[in-house]
Amino acid sequence: MSRKTFIPTGETPPASQIGATLEALAATIAARRGAGEESYTHRLLAGAPDAALKKVMEESGEVALAAKDVEGWATSSLAAAVALEATEAGGTTTGAETADGGADFSLSVQLPPEYGEAVDHLRYEAADVVYHLLVVLERYGITLDEFAAELNNRMTEGERPHG
């Protein structure tokens, strides 16, 4: 499985890198506006509008397909493990009771390596969507702060970040 975060050598990892990462990516995309035609990002920013918009749609579809792959591996592996453990337990599955009175069917499931590969692929495709979305926002002059404000407006006062 791939590393989930990039931490430069010698630096302490922050609680979350998402803000700094998005800001750096948005700045890189903005800087590519002045790059030459050899830059893919420049071509998306300066070319026909449909090119960038189609990429957002295409990558969104790939995220959906990748998520279905993850779901398929998770459910098929879990279903197989439940059936196996039920068979080994004499055809019945019993679980310990949880604190709230529900059943706890903890299984010793070892998901196959393909599951991790599917999760990695989903992460990869999600990054493609975010990149292409940021290109579209840059193309139309929408800053990350404006985008964040829109997201914040969709949360309740208690859910919004402070600072």
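Okay, one term before we start: two residues are in contact when they have heavy atoms within 4.5 Å of each other. With that in hand, take the contacts in this protein with a separation of 6 or more: 65% of them join residues 24 or more positions apart. And keep in mind that what you're looking at is a predicted model.

The protein has five helices and two strands. Starting at the N terminus, the order is α-α-α-β-β-α-α. There are 163 residues, and 19% of them are buried. The accessible surface is about 11,200 Å², with 59% of that belonging to carbon and sulfur atoms.

Now let's go inside. Which residues make up the largest nonpolar core? It's a set of ten: I29, L44, L45, A52, V56, Y131, L134, V135, V136 and L137. The largest share is from α4, with five residues.

Let's pick one of the ten, V136. Setting aside neighbours within four places in sequence, V136 is in contact with A52, L53 and V56.

Next up, H132, which sits in helix α4, residues 113-139. Is H132 buried or exposed? Well, the cut-off for buried is under 20% relative accessible area. H132 has 4% relative accessibility, so it counts as buried. And what does H132 touch, if we skip residues up to four places away in sequence? That would be Y40, L44, K55, V56 and E59. Notice V56 there: V136 contacts that residue too.

Technical notes: Residues numbered from 1 in each chain as written. Predicted model: local features only at pLDDT ≥ 70, side-chain atom pairs only at ≥ 80, totals over all residues. Heavy atoms only, no water. Helix = DSSP H or I, 4+ residues; strand = E, 2+ residues; numbered from the N terminus. Buried < 20%, exposed > 50% of the residue type's maximum accessible area, 1.4 Å probe, protein only. Core = buried A, V, L, I, M, F, W, Y, C linked by side-chain atoms within 4.5 Å. Areas by Shrake-Rupley, 256 points an atom, 1.4 Å probe, with all protein chains shown as cover.
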